[in-house]
Amino acid sequence: MPSTKKTLHFLSSALVTSISVGVMGYGMSTQWARTAMECTAAGSSFTNGTAEITLELFAGYMNRTFCPLFGGYDPFKVIPKLTETGVTPLVLHVLVLCLLAICLLFSAGSILISLYNSVSNPYETYMGPAGVYACSSISACLSVVVLIIFVVNVNLTNMAEDLVENFADAIPVDLRNKSSKMLLGYYLIIPYTVLSLLAIALIYMYDHAAYTHRREQQRPTEDAPKEIMMY
């Protein structure tokens with residue numbers, strides 16, 4: 001049976017990782033970004049309309065005011081709608097979803113390895129601290145990549161403009177002054193990353209203490225005179 005200290009550290013790591021999964025799960029179900037822009041009928045210099053797009057990971061909705069005519073409220077599914085618009089925004093959005101799924105998968109692996117170590121004493125293999133390090137570090141790194149890719153997709157591609165034009169009833173429009181802001185779902189990835197790193201820190205604290213203890217037990221033998229060791 002593992003020591004009480006080991007059990008507490010690995011159970012704490014499993015708990016922290018479980019909380020991070022819950023945080024990410026909630027984040028994936030809520031709004032990630034909102035983009036607003038001014039809308040003008042093509043060829044006109046008078047701006048009299050606006051369009052606002054609110055994005056979740058799987059769904060979204062658009063509010064149009066005189067863009068290009070009377071506007072309206074248009075809910076949509078993100079993946080099918082992006083399929084109708086541009087290739088790059090679709091690829092980046094699908095990549096975000098895939099990376100989030102991988103994050104959850106490795107977090108689940110970290111939880112299982114931590115629970116296994118809390119009730120047993122496995123050898124120093126991938127089922128020991130090294131497994132937690134690997135799973136949690138991959139989750140943390142990929143979540144940071146998700147933050148970068150998503151903000152690039154929202155701000156540096158024509159995803160929002162293409163979506164507005166897709167809903168414009170085939171009427172040409174000029175779009176300008178685009179502004180975007182990230183919402184709760186996006187920012188919840190940050191505590192997920194922090195909690196994944198905290199899970200690593202908890203295991204490292206135990207692993208370092210265990211290594212130091214082993215070294216202290218070996219020191220009397222290492223420091224013994226050679227004449228004594230010969231006997």
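**Reading the terms in this model**

Reader: Where does serine 143 lie, and what makes it buried or exposed?
Author: In this predicted model, serine 143 lies in helix H4, where helices (H or I, at least four residues) and strands (E, at least two) are DSSP runs, numbered from the N terminus. Buried means under 20% relative accessible area, exposed over 50%, and partly exposed in between (1.4 Å probe, protein chains only). Serine 143 has a relative accessible area of 0%, and is therefore called buried.

Reader: What is serine 143 in contact with, leaving aside its neighbours within four places in sequence?
Author: With those neighbours left out, serine 143 touches Cys103, Ile189, Tyr192 and Thr193, contact being heavy atoms within 4.5 Å.

Reader: Why is isoleucine 138 called partly exposed?
Author: Isoleucine 138 also has its place in helix H4, residues 129-156. Its relative accessibility is 31%, so isoleucine 138 counts as partly exposed. From C-alpha to C-alpha, isoleucine 138 is 9.2 Å from serine 196 in space, although the two are 58 residues apart in sequence.

Reader: Why is H1 called roughly antiparallel to H3?
Author: Helix H1 (residues 4-28) packs with H3 at an angle of about 160°, and their axes are 8 Å apart. Because angles over 145 degrees count as roughly antiparallel, under 35 as roughly parallel, 65 to 115 as roughly perpendicular and the rest as oblique, H1 is roughly antiparallel to H3. The axes are lines fitted to C-alpha atoms, for helices over the stretch in contact, and the angles run from 0 to 180 degrees between N-to-C directions.

Reader: Which residues make the contact of H1 with H3?
Author: Among them are Phe10, Leu11 and Val21 of H1, and Leu100, Cys103 and Leu104 of H3.

Reader: What makes a set of residues a nonpolar core, and which residues have the most contacts inside the largest one?
Author: A nonpolar core is a set of buried Ala, Val, Leu, Ile, Met, Phe, Trp, Tyr and Cys residues joined through side-chain atoms within 4.5 Å. The largest one has 39 residues, and those with the most contacts inside it are Trp32, Ile53, Leu57, Phe76, Leu100 and Phe150. Helix H3 (residues 87-119) gives the largest share of this core, seven residues.

Reader: How do you know that these values can be read against the sequence and the model?
Author: Residues are numbered from 1 along each chain as its sequence is written, and side-chain values use heavy atoms, with hydrogens and water left out. As this is a predicted model, local features need pLDDT of at least 70 and side-chain atom pairs count only at pLDDT 80 or more, while totals for chains, interfaces and linings use all residues.
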